[in-house]
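Please open the model in your viewer and keep the sequence panel beside it. The stops below say what to select next and what is found there.

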Amino acid sequence: MAARRDLSNPLPRRGLAAALTTLLLSTATAATDGIPDPLPGTAPGDVERGRAIVANRQLGLCLLCHSGPIPEEPFQGNLAPDLTGAGERSTAAQLRLRIVDPGRINPATIMPAYYKTEGLSHVAPQYRGKTILTAQQVEDVVAYLQTLRT
Amino acid sequence: MKRAARLVAWLCALAGAAPLLAAVIHPSPPRPADSGDPRQSGTHFMSAATQAMQQDDRQNPAMLWVAGGETLWQTAAGKASRSCMSCHGDAKTAMRGVAARYPAYDSKAGKVITLAQRIELCRQGAQQAPPLAPESDDLLSLEAYVGMQSRGMPLAPPQDEQTRAAAERGRLRWQQRIGQLNLSCAQCHDDHWGGKLASAVIPQAHANAYPIYRLEWQSLGSLQRRLRNCMNGVRAEAPPYGAMELVELEAWLALRARGMPLETPGVRP
Ligand code: HEC
Ligand code: HEC
Ligand code: HEC
C-alpha cells in the first residue's frame, strides 16, 4: 500500500481546527478542567439543535455508546454513562472540554474527540482534516447537555 | 453464468447433495463455563434464532455457496482444463484441516497468504484460469467449501517464524487507534465485548466461522469484508482486499482464536 505510514510512528495531521484546538486547550486546560469560553466564531448554543445532534446516529453518534432521555431512539448503547444528569454533574466549561477532546480528561477513553483533527491515524480520505462536529454543533450539544437534569 | 441462474443451479445441486446434508444439526461450541476458556465464538453473542440458522444446515443460507463450491471443485477450468479435484482428489480428505491452518507462510509466494489467496494461486497457476474478483460468488464458494471440510477442527495457525511475525504485526495493528473516531479493534473487542454499541452486541471478534452469511449483507462475505466494515465504522481508511494489512490482521485473529473449533460457514446478524 502506497503512502501508508509506519504504525509505530504516526505523523500528526494538522488542520486549522486542530491548530485552534491545540491553542484553546493549551490555555484552557493548564489551569482548569474545562474550556470556559465558547469556541471562536460561534453563536450561543441552541438546545433543540443540540438534542437533534445527540439523537442522530450518523452525526453525533452519542447514542452508539450512551443512553439518554431520548425515548424516540430505541437502540441506545451501554458502553458509557447515561447522559441524564450530565448538566448537573458538569459545568458548561467541563462539558465543552469533554466534547472537544475527552482524551484530555482520560487518555484511555473510548469517547472520540469531536473537535480535533490532530494525532489521528489512518483516517479515511473523506474525513481527513475534518472534525466530527463543527464548532457551532459543539456549542449546540453543550447547550443541550446543560439542560439534562435528574 | 448470471447470479440468479447460478443460485438455481446451486439449489439443484443442494437438493442432490444428500451426503452434504446428512448430519445437518451440529452442537453449539463449548461455553466458557464448560471449558474454563474465556474466549467465546461470535455465535455465542447472537440471538437464538440466528444461532439456530447457523446450526441447521437446512436453514443456513451459506450452504448454497458451499454447494456451489462443491460443483466448482469438480469442474474443469482454465487453459489447463483441470478441476481442483483432478489434482487434489476428494476434498473431504484432501482439504480436511487445511482452512484451520490459514493464513500461512507460502514459500513460493514468499509471503504469508490467506486461504482465498491460496485458492487463487491454484486457480491462476495450476488451472491457468483468470483471477476471481474478491467477494465474487465463485471465490467465496470455493472458500466456504474448503472451509467446511475443517468444520469442528481447532484453529491451528502455523508456528513458523514468518507466520508468527505476520501475526505479531497484526497484533500491533489490532491495538492501534485508527480513524476519525480514534478507536482500536482492541478497545471494542478486548475491552468492551459483550457491551452494546447501539443495538449491536460487541463480539470478541474471533474469526472462526468465515466466510459468513451476514443477514445485513444478504450474502456470503469474507473475513476481510468484515474487517473493512469495522474500519469504515470508525471512519478509518480500509485497505483493499488482499492488502498485507488485512492479511496480518487475519494472522493475528487466527493466533488469538487458536484451538477454538472452526464453525464455517457461519451466520451473523
Ligand atoms: C465510542 C463511545 C462514545 C461516544 C460515541 C460518545 N461517548 Fe461520551 N463518554 C463515553 C465514555 C466511555 C464516557 C465515560 C468517561 C470516559 O471513559 O472517558 C463518556 C463520558 C461522557 C460525558 C461525561 C459523563 C457524564 O455523563 O456526565 C459526557 C457529558 C458525554 N460523554 C457526552 C457525550 C456526547 C454528547 C456524545 C456525542 C456528541 C458522546 N458523549 C459520544 C463514550 C462515548
Ligand atoms: C466501535 C466498536 C468496534 C471497533 C472499534 C471495531 N469493531 Fe469489530 N465489531 C464491532 C461490532 C459491534 C461487531 C458485530 C457487528 C454485528 O453483529 O452486526 C463487530 C464484528 C467484528 C468481527 C466479526 C466477529 C464474528 O463473530 O464474526 C470481527 C472479526 C471484527 N469485528 C474485527 C475487528 C477489527 C479487526 C477491528 C479493527 C480494525 C474492529 N473489529 C474494530 C465493533 C467494533
Ligand atoms: C494442477 C494441479 C492443481 C490444481 C488444478 C489445483 N491445485 Fe490446489 N494445490 C496444488 C498443489 C501442488 C498444491 C501444494 C501447494 C504448493 O506447495 O505449492 C496445492 C495446494 C492447495 C491448497 C493448500 C493446501 C494446504 O495444505 O495448505 C488449497 C487450499 C488448494 N490447493 C485448493 C485448490 C482449489 C480450490 C483448486 C481449484 C480451484 C485447486 N487447488 C486446483 C495443485 C493443484
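Which residues are the protein donors of the iron atom of ligand 3? Select His88(B) and Cys122(B): the NE2 atom of His88(B) and the SG atom of Cys122(B) lie 2.0 to 2.3 Å from that iron atom, where donors are N, O and S atoms within 2.8 Å of the metal (3.2 Å for Na, K and Ca), with water not among the atoms, so that sites may look incomplete. His88(B) belongs to helix α5 (residues 84-88) of chain B and Cys122(B) to helix α7 (residues 115-126) of chain B, so the pair ties together parts that are 34 residues apart in sequence; helices here are DSSP runs of H or I with at least four residues, numbered from the N terminus. The site is octahedral, with angles of 86 to 179 degrees among its six donor atoms; six donors count as octahedral if opposite donors are over 155 degrees apart and all others between 65 and 115.

Before moving on, note that this is a predicted model, in which local features need pLDDT of at least 70 and side-chain atom pairs count only at pLDDT 80 or more, while totals for chains, interfaces and linings use all residues. Residues are numbered from 1 along each chain as its sequence is written, chains are lettered from A and ligands numbered from 1 in the order in which they are written, and side-chain values use heavy atoms, leaving out hydrogens and water.

Next, select ligand 2, whose iron atom has His189(B) (NE2) and Cys230(B) (SG) as protein donors, lying 2.0 to 2.3 Å from it. His189(B) is in helix α10 (residues 185-189) of chain B and Cys230(B) in helix α11 (residues 223-233) of chain B, so this pair ties together parts 41 residues apart in sequence.

Then go to ligand 1, where the protein donors of the iron atom are His66(A) (NE2) and Met111(A) (SD), 1.9 to 2.2 Å from it. His66(A) sits in the loop between α3 (62-65) and α4 (86-89) of chain A, and Met111(A) in the loop between α5 (92-100) and α6 (135-146) of chain A, 45 residues apart.

Finally, show both chains: 32 residues of chain A are in contact with 24 residues of chain B, contact meaning heavy atoms within 4.5 Å. Across this interface the rule finds one salt bridge, between Glu237(B) and Arg128(A), whose closest N and O atoms are 3.3 Å apart; the term requires a side-chain nitrogen of Lys or Arg within 4 Å of a carboxyl oxygen of Asp or Glu.

Technical notes. Helices (H or I, at least four residues) and strands (E, at least two) are DSSP runs, numbered from the N terminus. Four donors count as tetrahedral if all angles lie between 85 and 135 degrees; four count as square planar and six as octahedral if opposite donors are over 155 degrees apart and all others between 65 and 115; anything else is irregular.
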